[in-house]
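I am opening a notebook on a structure I have not looked at before. I will begin with the whole chain and then turn to single residues.

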Amino acid sequence: MKEFVISEAQVETAILVGLITQTQDERKTKEYLDELEFLAETAGATVVKRFTQKLPAANSVTYVGKGKLEEIKEYIHQEEENEREVGMVIFDDELSAKQIRNIEAELKVKILDRTSLILDIFAMRAQTANAKTQVELAQYKYMLPRLQRLWTHLERQGGGSGSGKGGSVGLRGPGETQLEMDRRIILNRMSLLKERLAEIDKQKSTQRKNRGRMIRVALVGYTNVGKSTMMNLLAKSEVFAENKLFATLDTTVRKVIIDNLPFLLSDTVGFIRKLPTDLVDSFKSTLDEVREADLLVHVVDISHPGFEEQIEVVNKTLADIGGGGKPMILIFNKIDAYTY
């Protein structure tokens, strides 16, 4: 079975692919691809080219149209001829197993979508046992419906589907058998991880109760808006802060006293658009600090051209995890970089 957890980033070249649709205009697509490039750089890749296409909606078979896929394929071949190998193609939306399989068969390079790229970064950033457990569970949730893609090598060996229908003699069936075995192994592993996280939840709940009745304040916001930097300034602590996405995965709690008023300040994982719900669910124990906070401090990067949409993404995510409706202070950060 394929090992899914990625612990080290390798420098590779990447192509980005996005769509311009009825609900996502050209300006927004550019902004999304800028963010996708930042994600790719955070993961350790270098973006060498972008491709966009105007479509009413994503093609259910290959995400982009046949002509655009051929254009991407031609570019990859040209780069190979010039001894500049393209390591991967990254799509700005979540791809289905069928889409990944079809695109890989055509382009013959590694295919990633936004979700798998974020999971890769999460795996690199996870430091504590809690964060690693949450990342692994999120990876398996993503991997399970796409498991069949991992067994396409059986098709190449015998020209069969691995489902017992057609194919070469001696190669009918084993793919399906192995697929079911892997599915069972993953489901068992997920159950174990959920039990482990439930135990961590109990421990963290006990820790929160032991803190007494102090006011709890949680820093929330889009990823890379400066929450950890603000935490360091207010709490005079040394929380890891870096100009990269998802620099902080683990919740950090510090006691802060301002004008003789003591309170507990927590720094949380940043939010991002197009983040699947099951990925948020995997970080339930980390986000419990948000749910149980008395006050939310929503940090906004005012210098970002799409800061208003980022505010909407954060508010929607807060509502999804049960943190909506709490008292909130909006803080505009990076005002020195703001341009009129």
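I count a residue as buried when its relative accessible area is under 20%. The model I am reading is predicted. Of the 340 residues of the protein chain, I find 49% buried.

**Whole chain.** I looked up the secondary structure and got eleven helices and nine strands. The chain exposes about 17400 Å², and carbon and sulfur atoms supply 50% of that area. I then took the contacts between residues at least 6 apart in sequence: 70% of them join residues at least 24 apart.

**Aromatic pairs.** I get a count of three. F51 belongs to strand 2 (residues 45-54) and Y75 to helix 2 (residues 66-81), 24 residues apart. F51 has 4% relative accessibility and so counts as buried; Y75, at 15%, counts as buried too.

Next I checked Y63 and F91. Their centres are 5.2 Å apart with planes at 85 degrees, so this pair is also edge-to-face. Y63 is in the loop between strand 2 and helix 2, while F91 is in strand 3 (residues 88-91), so the pair ties together parts 28 residues apart in sequence. Both Y63 and F91 are buried.

**Charges over rings.** I found K49 over the face of F51, 5.6 Å from the ring centre. R146 lies over the face of Y142, at 3.9 Å from the ring centre.

**Surface.** I noted a nonpolar patch of about 260 Å² made by M328, L330 and F332. M328 lies in strand 9 (residues 328-333). Its relative accessible area is 35%, so I list M328 as partly exposed.

How values were computed. Residues numbered from 1 in each chain as written. Predicted model: local features only at pLDDT ≥ 70, side-chain atom pairs only at ≥ 80, totals over all residues. Heavy atoms only, no water. Patch = residues over 30% accessible without salt bridge, like charges linked within 9 Å, V, L, I, M, F, W, Y side chains within 5 Å. Areas by Shrake-Rupley, 256 points an atom, 1.4 Å probe, with all protein chains shown as cover. Salt bridge = Lys/Arg side-chain N within 4 Å of Asp/Glu carboxyl O. Helix = DSSP H or I, 4+ residues; strand = E, 2+ residues; numbered from the N terminus. Buried < 20%, exposed > 50% of the residue type's maximum accessible area, 1.4 Å probe, protein only. Contact = heavy atoms within 4.5 Å. Phe/Tyr/Trp six-rings, centres within 6.5 Å; stacked < 30°, edge-to-face > 60°. Lys NZ or Arg CZ within 6 Å of the ring centre and 35° of its normal.
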